[in-house]
Protein chains: 2
Amino acid sequence: MKLYYAATSPFVRKCLVSAHELGLREHIELTPATAHPVNRDRALVAQNPLGQIPTLITAEGAALYDSRVICEYLNALGDGRLIPPSGPNSGPGPTRWTVLGEQALADGVMDAAILTRYETAVRPEGLRWNDWIVGQLDKVHCGLAQIERRAPHLGNRVDIGTISIACALGYLDFRFASLAWRGQQLATAAWFERFAKRDSMAATRPPAN
Amino acid sequence: MKLYYAATSPFVRKCLVSAHELGLREHIELTPATAHPVNRDRALVAQNPLGQIPTLITAEGAALYDSRVICEYLNALGDGRLIPPSGPNSGPGPTRWTVLGEQALADGVMDAAILTRYETAVRPEGLRWNDWIVGQLDKVHCGLAQIERRAPHLGNRVDIGTISIACALGYLDFRFASLAWRGQQLATAAWFERFAKRDSMAATRPPAN
């Protein structure tokens, strides 16, 4: 399989952490790409009209996107441990809806952070709109507060919910260190300190700024 | 169940069309909400920190989001006809990855269209960036071209892939009539003309502009 990727993308990281946890990492070859919203990467667009990274080319040559579809595909290729099946949940673990809901929450935080980044680092300075930045960062803050409420219950779970939350927090550390989210999110910080030590997380850390 | 909704949102429409097709529509009560990116709806944010519509409150009182999670939940509550299970695909229909990939494509087109709408209708005029609009509309156009390549194979399928594509096209008709997408997308136009006649689509048409 081939993954269009950038080391800075939290959505790519989610897929690579998932692949690593499923024992599939060695089957994925990385192809550098960019997902710039204005200067669109034509080699990537030829595979995925949305020009997103991650985009996965399967062993059969099909282009799969976006990150949620890729993670579910990898989960099905592997042993299925990252996303519980639907239907009655007999075990002690989280339900499918809990895990997918956490992924949606973390994806939403990442989306808002990336839109903030586009506003402050890509858009010409004279065209930036402070109210937009405030609105997107409010999404991030409200999302973090929700993660903090969940953090005491995350325990040692390793699934697409916790992986997504960890990738969102890692992206905030990478691009929004000034938010200093740990000051308000003590339970999340304690949980993330443990989770970030996993081999899958250490191997996918974004580059130094 | 209760759905935070606006009649103008294509992501809400995707959920309502799905509910209708699954025979679950009558079990969902609608609560009007707005998902303005700057003036965030606090009643909604209390249920979903991302402030998104759709947000579904289940019969058990849990808040589910975003639209993909809601549609999969409804599919599991119903008879499962909208999303094929993973695993070997023995039938003649599309695979899970085809259907989920089409949903991701259509969601990406809707996201790009909504970002364009925010830029041209919400952001103060002096702060608009033409390159951003061009980039987002290129996503829409490349997405439409991909839909056009798929259109001859969509047949009479009714699943989360075709529902998502139909909601994306309906949103373009609603907010971007000037794109006149039918001129370049003849197979898509023929398919959509049939699909849009379904009761589920007719019942969820956005209001006149």
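In chain B, 4 strands form an open sheet of mixed pairing, in the order β2-β1-β3-β4. Strands are DSSP runs of E with at least two residues, helices are runs of H or I with at least four, and both are numbered from the N terminus. Two strands count as paired if DSSP finds at least two bridges between them. Because β2 (29-32) and β4 (63-64) of chain B stand at the edges, each with a single partner strand, one side of each is left without a neighbour in the sheet. Strand β3 (residues 55-57) of chain B pairs with β4(B) in the antiparallel sense over 2 bridges. B:L56 stands opposite B:L64 in β4(B).

The model is predicted: local features require pLDDT of at least 70 and side-chain atom pairs count only at pLDDT 80 or more, whereas totals for chains, interfaces and linings use all residues. Residues are numbered from 1 along each chain as its sequence is written, while chains are lettered from A and ligands numbered from 1 in the order in which they are written.

Chain A has 8 helices and 4 strands, which follow the pattern β-α-β-α-β-β-α-α-α-α-α-α along the sequence. For 209 residues, a compact globule would have a radius of gyration near 17 Å, and chain A agrees because its value is 17 Å; the radius is taken over C-alpha atoms, and the globule rule is 2.2 Å times the number of residues to the power 0.38. Buried residues, those with 20 or more other C-beta atoms (placed from the backbone) within 10 Å of their own, make up 47% of the 209 residues in chain A.

Chain A is divided into domain 1 (2-77) and domain 2 (96-199), with bounds from an automatic or database domain assignment. The centres of these two domains of chain A, taken over C-alpha atoms, are separated by 20 Å.

Technical notes. Buried ≥ 20, exposed ≤ 12 C-beta atoms within 10 Å, placed from the backbone.
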